[in-house]
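Welcome! Here is a structure to explore through a few exercises, each followed by a worked solution. Take a look at the sequence and the 3D view before you start.

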Amino acid sequence: MAAASIKTGTGQVLIDDLENAPPGFQNTGAGSIAIIDNASISGGGSGSSDDAGRLGCTVAQVNSALTWDIDAGTPTADYSADKTYFIFFCRPASLLGIQLLATIANDGIEAKLYTDGGRTNFRSYVCGGNDAVPPGLPRLEQYFAVVVNPRQTTTRDDIGGTFNDASVTEVEWRIIHLGTGSSALVYFSKTFKYTPMVLIGGDGASADGVWQDFLDHAATDEFRVFRQQGEKEFMVQVPIAIGDNGTNATEFDDTGISIEFAPLFDATTKKTVNIHAEINELGLVLDLGTSDSYTFRGWTFNSIDKYEMIVKGNTAGTCKFQEGCLLKGIGTFQMNAGAQIIDSQVSQCDELILN
Amino acid sequence: MAAAAIKSGTGTIVENLWIATTGLTETGSGSITTRLNQGLNAAQSAVSSDSANSTETPMAVRDSFTTQDLSGDRMVVIHFVNAVYAILDIYQTVANAGIEIRLHSGATPNVNYRSFIVGGRNMLPIAARESYIAVVINADQTTTYNGDTGTFDSSDVQHIEILWVRDTAVKTSLPTIFLIQRQFFLDPYLLIGGTTPDAAATFQDLLDYEPNGGASGNIATDGLARLFEEQGDQVFVKAPIGIGDGGTNTVRFDDSGKILEFPIQAGVVTNNENMHILENDLGLEVNLGASDTVDLRNYSFGGETKYYLKVIGNTSGRCTFTSCQIKKTGTFEFKAGAEFIDSIITNCDEMILN
């Protein structure tokens, strides 16, 4: 059996690293674009220092907007399939920078997806503002992921024409200034197309798949969708999976991880504005093969919003939740005959589907 | 019954060591500049420490303050933040004392002190190199320290010193900026009050509490304190907390669904240096009064360094854990007023019943 790894063809596909003036960008607004390179910074702390020469976007004028475009390209243009996401990373330059943005209601930071090669058909998604709490605010100045399911219409902001999620050809980011104060600066780093990453492999001995395999894979591309606090608590902002129904034999065994699937965009509480998805989209799918074995020991699963927990595939495989697991707040909750819940607890969940 | 609140005199700043107002001195070869509002912290003043120093000579910021007895539960808490390039390009590694805090006892600094390494260029505090870092120190322990000079007396601390060492192999001329946001001495937070079951105290009352008052008075939104971090229902707790005071103030607490994790001790895993604590320094203590009612529903407790979970006080009070998950406690103590319903207890130390 091969060592555990993320299955090729699943997970993130880099659309563009927004570093060093990628081609296709245009300044179509009243602000300015700056390529930030820390080698040129002197004195430090000016609010324009950054770690890797990311693209900086500045607006200073009252209610002005800065827009620029990137051609998404054919390989990454189709978002029509289930669980396919457009993901990008951004951060205001500082806490002061957050305060200089317009409110969520006035589209402080938003992404607009255009389809079919023109600027007629679009949907926009707000992801920041001076009245919002970005997911990274407890850790100021950290890039945060914005996860967009373009197929759903629950959390979208503006619309135009007839949106075609099979042909997203342009992406436009816009930041709106509060109207008073100094320039607001927002950085953007990378853009991705994402389908759920699937962990496979494990040799049944010392190198079974573990949670760290997910983290390692994400780290290779600065794909910061797993936010950690403490040693064991992780906020998971994308759907993930283990096993591929036996195409690759898979063993997974890990202890004590606490998984919180991210809350969804909420314009009322504004606590989370970066996950544009619907309930039961995020979650964990466990797709057993005949000889697969997945063991969760003392894990905690939870979300403020409903998520899915699905054990499916070949019932000769085994998936055990044991040694004090807590499965809480599940929406779509499906267990086939290979699943076992041992000395564990299920609470605040929707109806359990057994098949 | 009073509204829920943090009990006066607990969880508060014993002394708030704003460097800009408390005896800033330079002890190294660089220069120190007081800077207000660098944009990193719009709500409070901050201080930076700049240096063009190209050698591995420490420079220091030192505070003088009222003598502190740190021999008990009182902790030293310091929040700081760096520009990311400073961490990447300027500091030495943790092994080479990149960022160090010294606590000096006695009136004369640099004679008797205890040091703690709290960061460096290879330290990645919880996947957030650009973030504020809360350093919490139990000064009365020598397990995680970096050594003593002279005879350190934890009951007579009169100065705090923050030092850094440049990695000259990486950068020799770029100045750094070191923003020290907050320093204070912390006694355990203690939540009291709550009225009817419909207006009971919740964990949010702890999260809402901001030591010494912030811009909005809200830990979660004003970006100041870093003793509680939230993501969804998960809360990372870096301070000792309590509910109830044994009946002096009546408590009605009722809350559901929080997933609490207490931090790991410095030095146990690579590059995690900010929590200089011992096992059972942090945790939750419910101190019941005769008419207190505490309901914890669907809570999860965990921590990589042993933490305490106690229900003490008057056994006429009631503390109920319903559908809870309790993992890896250290000191695990329960009075007769405690009750577990449909809950899981796993990987814990011996339970003390009294």
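## Exercise 1: An overview of chain B

Of the 354 residues in chain B, 62% count as buried. Keep in mind that this is a predicted model.

**Solution.** Next, turn to the contacts. Among those in chain B with a separation of 6 or more, 73% are between residues 24 or more positions apart.

## Exercise 2: Confidence

**Task.** Find out what pLDDT chain B averages, and where pLDDT stays under 50.

**Solution.** Start with the complex, to which the predictor gives an ipTM of 0.83 and a pTM of 0.87. Then take chain B, where the average pLDDT is 77 and 68% of the residues score at least 70. Now go along the chain. Over residues 125-130 of chain B, pLDDT stays under 50, and the model has 23 contacts beyond four places in sequence for them. Residues 211-223 of chain B also stay under 50; for this stretch the model has 45 such contacts beyond four places in sequence.

## Exercise 3: Aromatic rings

**Task.** Describe the ring pair of A:Trp211 and A:Phe214, then the pair of A:Phe261 and A:Tyr307.

**Solution.** A pair of aromatic rings is described by the distance of the centres and the angle of the planes. The whole structure holds 35 aromatic pairs over all chains. In one of them, A:Trp211 and A:Phe214 have their centres 5.2 Å apart and 40 degrees between their planes, a tilted arrangement. Both residues belong to helix H2 (residues 211-219) of chain A; because they are three residues apart there, about one helical turn separates them. A:Trp211 and A:Phe214 are both buried.

Now for the second pair. The ring centres of A:Phe261 and A:Tyr307 lie 4.9 Å apart with the planes at 35 degrees, so this pair is tilted. It links distant parts of the chain, 46 residues apart: A:Phe261 is in strand E18 (residues 258-261) of chain A, and A:Tyr307 is in strand E23 (residues 307-313) of chain A. A:Phe261 has 1% relative accessibility and therefore counts as buried. A:Tyr307, at 0% relative accessibility, counts as buried too.

To finish, look for a cluster: ring pairs link A:Trp211, A:Phe214, A:Phe226, A:Phe234, A:Phe252, A:Phe296, A:Trp299, A:Phe301 and A:Phe321 into one.

## Exercise 4: Charges over rings

**Task.** Which rings do A:Lys193 and B:Lys310 lie over?

**Solution.** In chain A, the charged end of A:Lys193 sits over the ring of A:Tyr79, 5.4 Å from its centre. In chain B, B:Lys310 lies over the face of B:Tyr308, at 4.9 Å from the ring centre.

## Exercise 5: Cysteines

**Solution.** The search finds zero disulfides over all chains. Consider A:Cys127, which is in no disulfide: its nearest cysteine sulfur, that of A:Cys90, is 4.8 Å away. For reference, a disulfide needs the sulfur atoms within 2.5 Å. A:Cys127 counts as buried, at 0% relative accessibility.

For A:Cys325, the closest cysteine sulfur belongs to A:Cys319 and is 9.4 Å away, so it is too far for a bond. A:Cys325 is buried, with a relative accessible area of 0%.

Conventions. Residues numbered from 1 in each chain as written. Chains lettered and ligands numbered in written order. Predicted model: local features only at pLDDT ≥ 70, side-chain atom pairs only at ≥ 80, totals over all residues. Heavy atoms only, no water. pLDDT = per-residue confidence, 0-100. Contact = heavy atoms within 4.5 Å. Phe/Tyr/Trp six-rings, centres within 6.5 Å; stacked < 30°, edge-to-face > 60°. Helix = DSSP H or I, 4+ residues; strand = E, 2+ residues; numbered from the N terminus. Buried < 20%, exposed > 50% of the residue type's maximum accessible area, 1.4 Å probe, protein only. Lys NZ or Arg CZ within 6 Å of the ring centre and 35° of its normal.
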